[in-house]
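Work through the exercises below with the sequence and the model side by side, trying each task before reading its solution.

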Amino acid sequence: MVENKNLTDKQWEGTTFGTSFMHRGLIRMLQAVDIRFFYAIAYIFVVPPCFLRPGFKHAYRFLHERLGYSKWRSFLMTIKNHCLFAQAVLDKFAMYGGKRFDVELEGYDNYLKLADMPEGFVQLSSHIGNYEIAGYTLVADKKPFNALVYDGEKKEVMNNRQKLFMGANIHMIAMKSDMSHLFEINRALADGETVSIPADRIWGSHKYVSQTFLGKEAHLPLGPFQVVAIRGVEALAVHVVKKSTKSYKIFVTPLHYDKNASRAEQIKELSGNYIKELERIIRLYPTQWYNYFDFWAQ
């Protein structure tokens, strides 16, 4: 079902904490000090205050009610979730400072197949693990890569991303409330380029598609699936999870759909296949989905 609803409370408005001065200082320190030291600092001073925030409750309820873990195990896993999120943020700043992680790829041939084709295609991501790792791993020399990013992010973070992606044929498209980013997306796909879009957060438009997710109806943003269906392009689900202090794993999965079906049926099939893959990855790595609002709120 495709509907229009006021979902203002569920829009993603996350930005990276701190000032530009703090970000530059952190990058310099990460270049000189073992990152595990900063992990420990985050566990002590950053994670505990999160216990009092609504996001902690939502993460706990997801683990307890949707995945069925016991109350005590859900509580411990929620703490681990916040610790891993702190690691993901620190890893990004370490990347901005030049650090590279070992990356294992599963389904990489799915990416290479589409990268070698003249037509453009769409990568649908989610807030699992550390998706920016894909930015310097899934790179095609012949096909420009366009990543849709939150326009409200701190300027220093955006500048660091630009430096990280410099020379990797990657362009950032900022999501704007006036939806003008849709013109850039359409231009990129028409020119045979790759476009990466997060598909597990509603932002800007209030249009959504309903799917059963972990046993309960949930809303996904209509836009990402509509872009794929309107252009008739291929789509991949790409998820990046942390395996150890020094390594990550990328899962690349094709999202098939019947291009001869009606537009509504195409969107329903695409979003259904996406949610199945999202659920599969979440069950494998339940503490790495960084969702801190009630995803199932109606």
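**Exercise 1.** Decide whether Leu-214 is buried or exposed.

*Solution.* Leu-214 has a relative accessibility of 5% and therefore counts as buried, a term for under 20% relative accessible area, with exposed meaning over 50% and partly exposed in between (1.4 Å probe, protein chains only). Finally, the phi of Leu-214 is near 55°, a positive value in a residue other than glycine, whereas most residues other than glycine have a negative phi.

The model is predicted, with local features needing pLDDT of at least 70 and side-chain atom pairs pLDDT 80 or more, while totals for chains, interfaces and linings use all residues. Residues are numbered from 1 along each chain as its sequence is written, and side-chain values use heavy atoms, leaving out hydrogens and water.

**Exercise 2.** Find where Ser-271 lies and which residues Ser-271 is in contact with, leaving aside its neighbours within four places in sequence.

*Solution.* Begin with the element, since Ser-271 lies in helix H9. Ser-271 is buried, its relative accessible area being 0%. With those sequence neighbours left aside, Ser-271 is in contact (heavy atoms within 4.5 Å) with Val-209, Gln-211, Leu-220 and Phe-225.

Technical notes:
Helix = DSSP H or I, 4+ residues; strand = E, 2+ residues; numbered from the N terminus.
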